[in-house]
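Thanks for coming, everyone. Please have the structure up on the screen. I'll keep this brief.

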Amino acid sequence: MERSLETQVGQAVDAWLAWLPRWEPAHHRGRVAPCRRCFGSPVLSAAGLGSDVPHGVQHGLSTRVKTIVDHAVAEYTSRNLPMLQAELDQQAARNRRRSYRPSEGLEPEFEGMPLDPEPEPDAPFLFTLTGLAAEEEAELPALPPLSDAAKAALRQEVGLADDYANMIGREVCAMLLHHRLRIQAAVAEYVEPQIAALLDDLSRSLDAPFDPRDPGPMAS
């Protein structure tokens, strides 16, 4: 398992490095709420991607690593946690009944990102992707209720799955430490020059806020 996990981590980093040259800074207004997947992530700390690295760069790596952990936990659950697996199977079958699933099948760089932009003040959206998905979700029948004993057993299995996820997460973080140098080298090559260019453009715009050809209002 350890060798397989190490291989998966290396492949995830390779895939992220192959994508990174295509990254470009976002020019739209940023969101107020931090990304729950990336904010304070030990994965990003292990990879050496600090808060000075743009979120889009961070998200592509954290999502790929999360997929590794999710797959490992799914395998563990299928082998050892029958009640939790049955509950997950029922939920998956219920989800497949939805014809509109906008958050599925996305590239790692977009998975887990907000489906809709931040609304502009006094300009509400006519509809949102999140709202449309919620409407269809509400039309599906709920899963059958569990007895108190079944709920207690399910909570215990969920706790075991969480413990296993934390263990795999720690192993993955330890493996990411071996990739820090090439991760940081790629950021220096592909990301930092673009950020420097943006800051340079901003600095020039602040130094010359008005068109020098415009004499401005004439003194009376």
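First, the ground rules. This is a predicted model, where local features need pLDDT of at least 70, side-chain atom pairs count only at pLDDT 80 or more, and totals for chains, interfaces and linings use all residues. Residues are numbered from 1 along each chain as its sequence is written, and side-chain values use heavy atoms, with hydrogens and water left out.

Now the fold. The protein chain has seven helices and zero strands. Helices here are DSSP runs of H or I with at least four residues, strands are E runs of at least two, and numbering starts at the N terminus. The order from the N terminus is α-α-α-α-α-α-α. Of the 220 residues, 29% count as buried. Buried means under 20% relative accessible area, exposed means over 50%, and partly exposed lies in between, with a 1.4 Å probe and protein chains only. Now contacts, meaning heavy atoms within 4.5 Å. Among those in the chain with a separation of 6 or more, 82% join residues 24 or more positions apart.

On to the core. In soluble globular proteins, nonpolar side chains tend to be buried together. The largest nonpolar core here has 39 residues, and Trp16, Leu20, Leu49, Leu61, Val172 and Leu176 touch the most other members. Such a core is a set of buried Ala, Val, Leu, Ile, Met, Phe, Trp, Tyr and Cys residues joined through side-chain atoms within 4.5 Å. Which helices supply at least two residues each? They are α1 (2–19), α2 (42–47), α3, α6 and α7 (180–207). Take Leu49. Beyond its neighbours within four places in sequence, Leu49 contacts Trp16, Leu44, Gln58, Leu61, Ile183 and Val187.

Next, the helix pair. The axes of α4 (residues 82–96) and α6 (residues 148–176) come within 8 Å and cross at roughly 95 degrees. That makes α4 roughly perpendicular to α6, a label for angles of 65 to 115 degrees. On the α4 side, the contact uses Pro82, Met83, Leu84 and Glu87; α6 brings Ala150, Ala153, Leu154, Glu157, Val158 and Ala161. By class, that is eight nonpolar, no polar and two charged residues.

Now single sites. Trp23 sits in the loop between α1 and α2. Trp23 is buried, because its relative accessible area is 7%. Leaving aside neighbours within four places, Trp23 contacts Pro54, Gly56, Val57, Val191, Gln194 and Ile195.

Tyr100 is also a loop residue, placed between α4 and α5 (129–139). Is Tyr100 buried or partly exposed? Tyr100 counts as partly exposed, at 26% relative accessibility.

His59 lies in α3 (residues 55–80). At 0% relative accessibility, His59 counts as buried. Not counting residues up to four places away, His59 touches Cys35, Arg37, Cys38, Pro108, Glu109, Glu111, Gly112 and Met113.

For Cys38, the nearest cysteine sulfur is that of Cys35, 3.8 Å away. Cys38 is buried, at 5% relative accessible area. Cys173 is buried too, at 14%.

That's the tour. Over to you.

Methods. Axes fitted to C-alpha atoms, helices over the stretch in contact; angles between N-to-C directions. Parallel < 35°, antiparallel > 145°, perpendicular 65-115°, else oblique. Nonpolar A, V, L, I, M, F, W, Y, C, P; charged D, E, K, R; others polar. Disulfide = S-S within 2.5 Å.
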